[in-house]
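Subject: Structure handover

Hello,

The structure is below, followed by notes on what was found in it. Please read them alongside the coordinates.

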Amino acid sequence: MALLGPLAVFMIVSAFQLIRCQPNSPCPRIFHYIYNGEEWQGAIEVTSPPMGVTVNLAVVLLVPQKIATENLGSLGLWKNREDTLRRIAHHQAVRYRVKFPPHTPIPRVSSIIYNGHRICTNKPNYIEGLLMTQIRLEHTLYTKLAKERFSAGENHDKITKADPQVILQNRFDDTDNECGKIHDKFTVTNLMMFGNEMQRGSWPWLVALHAYKTTNLSFICGGTLISERIILSAAHCLHNRDDYLYAASDVIAFLGKHNLRKLTEKDVVISEISSIHIHPDFLRNNGGAFDADIAVLVMRDPVEYQKFIQPACLSRSSILPAGRLGVIVGWGRDEHNNILTFEPRRLEIPIVSETECLAAGKIFSIITTPRTFCGGWRDGKRGPCHGDSGSGLLIYEDHRWQLLGIISVAVKHPISGLCDLSQYVVFTDVSKFVQWIEQF
């Protein structure tokens, strides 16, 4: 037998080390690790969608160390958009490339979400107590305008004029005269712990969401009306105690509702929900925090606006108005320890900067993300509590009420187990999701 030279031995050892350091894929049919001669990358392959469907893919990675660089990697198409659309036209799988952050251990895949559905889930077995960085990468592919160009069997370079299509338009345009305005006959007085009672009709976009639990219909969360068919709420509200998503048929929206105790109120609209859309990035981490805690509920029938039912405007500003007061309204737990208040209560709270929020305690580096913001008085008395989740935080801008945030997470009090109002409350930043919302 011939003896191996030093170079051959080195090559074998190097190859063995590569194989040894390559982590196992939790979903080998969907994701696998590849080495391009210089670095490790990830490859994802998902089934081809119908042409015309918007494709949203998100991958959540875990790195067992703190990442100092701003380069967190990327998720993109394997080649380019045209090649991908040709594959879709021929019903071939869609391929993606995942670039990992440089100079870090190879990340482990936590989950892969394809158009709102988790197609891969994994709980990496890291050593308890080890610092871990969670990375969320997302890619959206729009194929709606490509159907005519990439039909199978046709000249792919040929551009044809698309036929006009009838599209249901949910009016989110802030130039719409109806959004963000309150009927003149209602005045807003100055969810709340130590919140103020308010007149019916003075917050006409507030929605009470109920869900069937076995045979009982129970209040679950608040919501905000933003168009004739669309309600926004928190994603975690639409999951039951077993973390299963409620069926749309089990959720009922009460618009124009004021007193939860009254079975009937004049001009209340009771609407069935035709579909529930949880943001594909929605994720609960080990600290109990949420990212992308937002849900779109589509009503079966469009609602007619009237004095008790009006839409709020969507805030589109990328600049957080730190230092300003926002308004929250809801039916949540009050200072008398009532689980719910039968009539909604209103409270103004200050919005704080990311720097100020993170400086308030280590907990906020865990329960906040780049798509959240903080607010509150931190006086131990005033603020949203259990039952207020899903309701909106609005600011008055350009003579309109604009939806800036959705109540998401509060710090738990170490003794009572209730919301600790000596700490800030975390809100989903709606402006980060406007493009996704407008798909519906």
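Backbone and disulfide notes

His103 sits in the loop between β5 (94-99) and β6 (108-114); helices (H or I, at least four residues) and strands (E, at least two) are DSSP runs, numbered from the N terminus. This is a predicted model, in which local features need pLDDT of at least 70 and side-chain atom pairs count only at pLDDT 80 or more, while totals for chains, interfaces and linings use all residues. Residues are numbered from 1 along each chain as its sequence is written, and side-chain values use heavy atoms, with hydrogens and water left out.

His103 has a positive phi, near 60°, although it is not a glycine. His103 is exposed because its relative accessibility is 80% (buried means under 20% relative accessible area, exposed over 50%, partly exposed in between; 1.4 Å probe, protein chains only). Asp267, in the loop between β13 (251-255) and β14 (269-278), also has a positive phi, near 70°. At 32% relative accessibility, Asp267 is partly exposed.

There are 4 disulfides (pairs of cysteine sulfur atoms within 2.5 Å). Among them is Cys27-Cys120, with sulfur atoms 2.1 Å apart. The S-S torsion of Cys27 and Cys120 is about 95°, so this disulfide is right-handed. Cys27 lies in the loop between α1 (6-21) and β1 (31-35) and Cys120 in strand β7 (residues 117-121), 93 residues apart. Both Cys27 and Cys120 are buried.

Another disulfide joins Cys221 to Cys237, S to S 2.0 Å; the link is left-handed, with -75° about the S-S bond.

Regards
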